[in-house]
Amino acid sequence: RRISRLFDDELYHGTVDSFDASSSLWHVTYDDNDAEELDYVELLVAMDLFREVGEAGRGGRNENGNDSSFPSRYIGRRVSKRFGRKMYHGTVDGADEDHRLWHVTYDDGDAEELDHEELLIAMDWYQRINNAHDDENDGSVQMRISRAKGDHGRDASSETIPSEQTKSTTYSIPSKRNYPRLVVPIAVAVIAVLLWLGKEMLFANAAASSSSSSFADKQERLLRSTTLLKFQPDKYQGQHKRKRYFEGWYYKFVTPLNGLSTANTTTPTTDGGISSSMSMAVVPGIFYGNTTDSTESHAFIFVTLSGKQQHYYKFPIHEFSYASGREEYYISVGPTIFTHSGVSLDIVPKEGDDATLTLRGNLSFHNPHPWPISPLGLGAMGPVGWLPGLECTHGIVSFDHVLRGSLLLETTTRTNEDGCKEEMQEEEEEEDDATTPTTCSASSSVVSSVISFDNGRGYTEKDHGRSFPSLWVWIQSNSFRNHPGTS
């Protein structure tokens, strides 16, 4: 199928050439040889845009020569939409061209307005349900996407794909009559998972049974001893991800009062983001772009001092490593290592990094308090953590722990460089032949500080998924003077 998409206000055409059943994504190759993967809604919108503009480009006629650049072309189309457990059918009978909304009246007399994506999905649902009986009888898989009578003046039609190609090239939403067929494979899959989980439990039982602690503690140790990553939320979850993925760990360090000593005679100023009581966040992680060969993919470390200074360090993907299987948890980015028992930092800015801070030293963690897990409570996400396809999954690695150790901070600052350039430019504009040009030079200095975190407080959390939420609220503290250990 042909599709069209806008990138930076420029229209590109492409062809759908394969389907990944494991991720429910369609692979598209554009005419300029770029490629990407689209989900169900993105594909519907892209195919509809191609039908609207055709090969001629935006605002032109479609591939059949019909003018389709106005919303009223959908009027008269049939739609289906689920409300509760029941599917309702209706007809598009009006269009608000200014707001790109379509008015739908359902067969029971109710009505509502749908936006573009909702309308395409509803038309697609109607087409699938209307042809479900044919799909079951002809021994092949038919993919119908919004091609009923009235779409560019054509009769209802479909593209038929041989059944042996189904796994790699098609995607279908089962109709209600197909649900009984799914019972047996789902039951088999559940039994297989339970048998595998039982094997894992038996393997790990020796470590848990020797303790005299409570049943809940034994259960948690048993779960964490398996190789199922759902029960090890602190570990790297993206072992098989190579695109559209991020994962990051947020390590917060807070000094006790008067925890600062300087390594030179220069006292760091407030502008330097360092005071006698400060907080620091160090965030290691990894980011994969939209394609497996994306140049945007990289590992990273992000550092912020008391919420003021921010420093971002980039690393090649191959410099990111992690614990796998039954290995003890660790994350390594370049020479810097993060574990449950502490961190070893060796972070130096390179050319191209948005950073001026060098950070070195070791901190150890004592008495960590992770969020408990159980079969129905996967840490901070609870039972929601079992849902597939979440945009972002959040976790608490340690609510609170005591810190020991110190860190060396070296910040390079440059002064007067911009001022010198402006001053020289002004004087050159005013000077005459008899005037000697004025010269000035920029200066730089390095401020080094050793920060003691002995008896400070630490906190660790993490996130992973396709993308970070566009809107979110996050408040956390575990530095209560009169209630240490509270988080």
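Tutor: Accessible areas here come from the Shrake-Rupley method with a 1.4 Å probe. The accessible surface of the protein comes to about 27,000 Å², and carbon and sulfur atoms hold 53% of that surface. The model is predicted.

Student: What is the protein built from, and how many of its residues are there?

Tutor: The protein has seven helices and 23 strands. It has 487 residues, and 37% of them are buried. Among contacts between residues at least 6 apart in sequence, 58% join residues at least 24 apart.

Student: What makes Y236 and Y245 an edge-to-face pair?

Tutor: Two cut-offs decide it: ring centres within 6.5 Å make a pair, and planes over 60 degrees apart make it edge-to-face. The ring centres of Y236 and Y245 are 6.4 Å apart and the planes stand at 75°, so the pair is edge-to-face. By this rule the protein has 22 aromatic pairs.

Student: Why are Y236 and Y245 called buried?

Tutor: Buried means under 20% relative accessible area. Y236 has 2%, so Y236 is buried. Y245 has 4%, so Y245 is buried as well. Both belong to one aromatic cluster, which also holds W249, F320 and Y322.

Student: How do you know that F468 and W472 are edge-to-face?

Tutor: Their ring centres lie 5.2 Å apart, and the angle between the planes is 85°. The cut-offs are 6.5 Å for the centres and 60 degrees for the planes, so the pair is edge-to-face.

Student: Is F468 buried, exposed or partly exposed?

Tutor: F468 has a relative accessibility of 38%.

Student: What makes the charge of K350 sit over the ring of F315?

Tutor: The charged end of K350 is 4.2 Å from the centre of the F315 ring. The rule asks for a distance within 6 Å and a position within 35 degrees of the ring normal. The distance meets its limit, and the charged end of K350 counts as over the ring.

Student: Where is H298, and why is H298 called buried?

Tutor: H298 is in strand β14, residues 298–305. Its relative accessible area is 11%, under the 20% limit, so H298 is buried. A polar atom of the H298 side chain lies 2.7 Å from the backbone oxygen of E296. Leaving aside neighbours within four places in sequence, H298 is in contact with I286, F287, Y312, K314, F315 and I317.

Student: What makes a set of residues a nonpolar core?

Tutor: The members are buried residues of nonpolar kinds such as Val, Leu and Phe, joined through side-chain atoms within 4.5 Å. The largest core has 35 residues, of which F253, M280, V282, V303 and L359 touch the most other members. Elements giving two or more residues to this core include β11 (245–254), β13 (279–288), β14 and β20 (357–366). Another core, of 23 residues, lies apart from it, with I3, F19, Y40 and V79 among its members. In soluble globular proteins, nonpolar side chains tend to be buried together.

Student: Which residues does L359 contact?

Tutor: Beyond four places in sequence, the contacts of L359 include M280, V282, V303, L345 and L407.

Student: How do you know that D234 and H340 make a polar contact?

Tutor: The limit is 3.5 Å between N or O atoms, one able to donate a hydrogen and the other to accept it. The side chains of D234 and H340 make such a contact at 2.5 Å. D234 lies in the loop between α6 (215–224) and β11. With a relative accessible area of 9%, D234 falls under 20%, so D234 is buried.

Student: Why is N367 called exposed?

Tutor: Exposed means over 50%. N367 has a relative accessible area of 56%, so N367 is exposed. N367 sits in the loop between β20 and β21.

Terms used: Residues numbered from 1 in each chain as written. Predicted model: local features only at pLDDT ≥ 70, side-chain atom pairs only at ≥ 80, totals over all residues. Heavy atoms only, no water. Helix = DSSP H or I, 4+ residues; strand = E, 2+ residues; numbered from the N terminus. Buried < 20%, exposed > 50% of the residue type's maximum accessible area, 1.4 Å probe, protein only. Contact = heavy atoms within 4.5 Å. Phe/Tyr/Trp six-rings, centres within 6.5 Å; stacked < 30°, edge-to-face > 60°.
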